[in-house]
Amino acid sequence: MFVFIIRRLLFLPVVFFGVTIFIVLLMQFLSPTQRAATYVRSEAQLRNIDAIIDQYGLDKGPHVQYWNWLKQVLRGNWGFSKATGEPVWDSFKRRFPATFELALLSFIPTMLVGVWLGSISALNRDGIIDQISRTTSIFLWSLPTFVLAIWLLVIFYGGLGWFGLGQVTTAHSLEIIRSNFHRYTGFLTLDSLLNGRFDIFLDVVNHMILPIVTLVAIQSAQIVRIMRSSLLDTLTQDFVRTARAKGLAESIVNRKHALRNALIPIITLGGFTIVGLLNGVVITETVFAYPGMGKWLADAAVQLDTASVMAGAVFTGLLVVIANMFADVLYAVIDPRIRYN
Amino acid sequence: MDISSPAVSAQTVTPKVKKGWWQSKAMRRFRRNPLGIIGFIILLAFVFVAIFAGPLTSSQLINYRNNCVRDLGLSRSTVTDLRNPVKPAFWRIIFAPPGSCFNMPRDGFSEIPKPPSELSILGTTSGGYDIYYGLIWGTRTAFYGGIIVTGFGLLVGIIIGSISGYFGGWIDTLFMRIIDVIFAIPGLVLSMVIVTILGQSLRNVIIALSIFAWAGYARFLRGEILRVRELDFVDGAKALGARSGRLIFRHVLPNSIGSLLILASLDIGTIVLGVAALSFLGLGAPAGYADWGQMVNFARGWMLGLPGQPFAYWYVIFWPSFIIVLFVLGWNLLGDAVRDVMDVKS
C-alpha cells in the first residue's frame, strides 16, 4: 500500500510537467509581446516591454522559455493576473479556500443523495419510485450547469429574493476586512464560527445555498445511475444468495451485504465527481458572482489573462490527481480483492 | 421414436428466416423503451429544423433582408423565392447557405430586449437580435460543432488508440501518460486555456474540444483492442502469417470499433453542451452568430427583469435555455436506451 501511494505521488510531477509543457507549447502561438503581458504589472512596465521580453527570454526557443518560466514558478512568481490586479499566487491563496469550501460542501451531499436515491431505485426496480428517479436523473444530467444556475438565480434571487449573490453581504464583508475578525483557516464558514459570529456564518451559508443546490442536483444524477446499476448487479451475485439462504432478513442482506459491495464503484466515481465539480464551479461561481477560483478563471479567460488561466489549469490538474489518489487508496482499503504491488 | 430418422432432423433444421433489422433483438428491445423513442423523436425534430433552417426562417429573411439575402443574390422583388421550392434560392439556403446566414438579424440596436411582435415572433434579445432566428440557425451551429468535434476526435482517437493498444510497450505508456495528463485537467478549464491562448472564435472552441475528445476515444479503443487481441481468431490470423498492419486493420479494428462509433455518436449531446458552456462564458462565436450558448450569455444582463417585475424579460432567457435542455435531453434519452440495448448483461 505504501509503495502504491508513493507511486501515485510520483504521478504528481508527471502531471505538473505535462500540463506546463503543453501550455508553454500552446503559448508559442502568441507573439513575444503577448507572452510578456503575463508579467506586466503596471503602465510603466508596459512601456519597456522589450526589457521584459529580454529578461524572461520570451523571444528565444520554447525550451528556454520553459526553463525561465519554471525558475520563476519555483521562486513563487506565477506572473501577474490582469483579471484580479494582483500576483497570481496571491489570487490563488485568497480564492482557493472559497472554492474548496464550496466544492466540499457540494461533494458530501452529492454522494449522500446519489447513493441514497440510487439504492432506493435499485431495491424498487421498475417500481414507481425507480421510474421517477431514473427519469429525473436523466433530466437533471441533461441540464447544463449554466442553465440550471440561471433558472435558480432568476426564481430564487430575482423573483423571491431569498438568497444573495457573492459570498457575504457588503456590510459583513466590510466587517471581515476591518474589524478584529481573524482569518484562522481562510474558510469563511469555519472562521465565522471560530470568531463566534453566528450571524456572519448564517449569511455565508445563505450565499452558498444556490451554488450548492446547482452542483448537487447535476452531479448526483450520475451517481444515482451508477449506484442503481451497481446495486442491481451485486444483488444477483452468489454471496447475496448465500446470505438469503442462511435465512437473514431481507433488510440485513440489502444493507450489510449488497449495499457495501455496491458502494465500491462509487468510490472511483468520486474522483470523477471532483472533476465535474471543478468544471461546475467555473459556471456556478460566474453565475452567482461567488469570488472563488472558478470565477477568477472565467474572468481571466475573457480578458486574455494567460498567466491566471495557465496557473489555474496547473492547480486544478494537481487537485484532480490528488483527489483521484485518495479515491484509489480508499478503494484499496475497502475492497480486499484489490492488491497493489 | 428413432432419433436418427431423417424425419426428425428435417424438422429441427428449420429454414433460417432472414429477419430485417427492425425485427432484430436489439431493435425490439429498443422499441419497448418509451424514453428512448421520445429521445429519438426529439432529435429527429432537431435534424429537421437544422436542414430546413432556411425555409423555416423565410419570413424573417424576407422582413429583415439581412446580408444573407444579399449574399444569396436576391433582391427586394425576388426575396419571396425563399418560399418557393421551384426556385434555386430555396435549395441553396438548405444545402449551401452563405456564412452570413448564421448572423442573427437585428431589429434595431437597442440593448433593451423587445417582447414578441409580428416581426420577431419570440422577441429580440439584448442588442436587437431576433430570438427565433437565432434558435433555428443555432441548431445548425450545434450540429456542426458536435459532428466536427466527434469526427476529428474519432479520427485521432482511432489512430492513437490502435497504435497504443496493438503495439503496447513504450509507445503505449507514452500515449497513456499524455492521456492521463489531459484527463487531469477538467475539460472546461482545459478548453478555456486553449481558447484563451489561441483566440476567441468558434473554430478555436471546436479545436479545444477536439483535443479533449480524442483522448477518451483513444483510451476506450485501446481497452477494446487489448480485449480483442487475446481472442483466438487473431492468433489464427497471426499463425497464417498476417502482418501487423493487416492484423490491425482487417482483424482487430473491425471487431473493436463498433461500440466506439456508437458511444462517440451519443457523445454529441455532451459536446454541444461544452460548446454552449464556453459560448456562455463569452469564449465562443463572435457576437451575433446564431449560437444558443451566446444567446443565454446575452440574456444575463436582463434575466432578472425590472424592479418589481422580476420576469419582465422572461423570453430572453427561457427560449435559448429551453432549447439547449431539449437538445441535450434528446441525446441522453437516446443514449441511455442504446446503452441499455448494447449491454449484454441485462
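A:Ser192 sits in helix H10 (residues 188-194) of chain A, where helices (H or I, at least four residues) and strands (E, at least two) are DSSP runs, numbered from the N terminus. This is a predicted model, in which local features need pLDDT of at least 70 and side-chain atom pairs count only at pLDDT 80 or more, while totals for chains, interfaces and linings use all residues. Residues are numbered from 1 along each chain as its sequence is written, and chains are lettered from A and ligands numbered from 1 in the order in which they are written.

**Around A:Ser192**

- A:Ser192 counts as buried because it has 22 C-beta neighbours inside 10 Å; the cut-offs are 20 or more other C-beta atoms within 10 Å for buried, 12 or fewer for exposed, and partly exposed in between, with C-beta atoms placed from the backbone.
- Leaving aside residues up to four places away in sequence, A:Ser192 touches A:Arg197, A:Ile200, A:Phe201 and A:Val204; a contact has the two C-beta atoms, placed from the backbone, within 7 Å.
- A:Asp203 is 11 residues from A:Ser192 along the chain, and their C-alpha atoms are separated by 9.8 Å.

**Where the chains meet**

- In chain B, 40 residues are in contact with 42 residues of chain A.
- On the chain B side, helix H9 (169-184), helix H10 (187-198), helix H14 (268-280) and helix H16 (314-342) each give two or more residues.
- H10(B) gives the most, with 11 residues.
- By class, this side of chain B has 32 nonpolar, 6 polar and 2 charged residues; Ala, Val, Leu, Ile, Met, Phe, Trp, Tyr, Cys and Pro count as nonpolar, Asp, Glu, Lys and Arg as charged, and the others, Gly among them, as polar.

- Helix H14 (residues 264-287) of chain A and H10(B) have axes that come within 7 Å and cross at roughly 60°.
- H14(A) and H10(B) are therefore oblique to each other.
- A:Leu278, A:Asn279 and A:Val282 in H14(A) meet B:Gly187, B:Leu188 and B:Val189 in H10(B).
- That contact has 4 nonpolar, 2 polar and no charged residues.

**Chain B as a whole**

- Chain B has 16 helices and 0 strands.
- Its radius of gyration is 26 Å, well over the 20 Å that the globule rule gives for 346 residues, so chain B is more spread out than a compact globule; the radius is taken over C-alpha atoms, and the rule is 2.2 Å times the number of residues to the power 0.38.
- Of the 346 residues of chain B, 42% count as buried.

Notes
Axes are lines fitted to C-alpha atoms, for helices over the stretch in contact, and angles run from 0 to 180 degrees between N-to-C directions. Angles under 35 degrees count as roughly parallel, over 145 as roughly antiparallel, 65 to 115 as roughly perpendicular and the rest as oblique.
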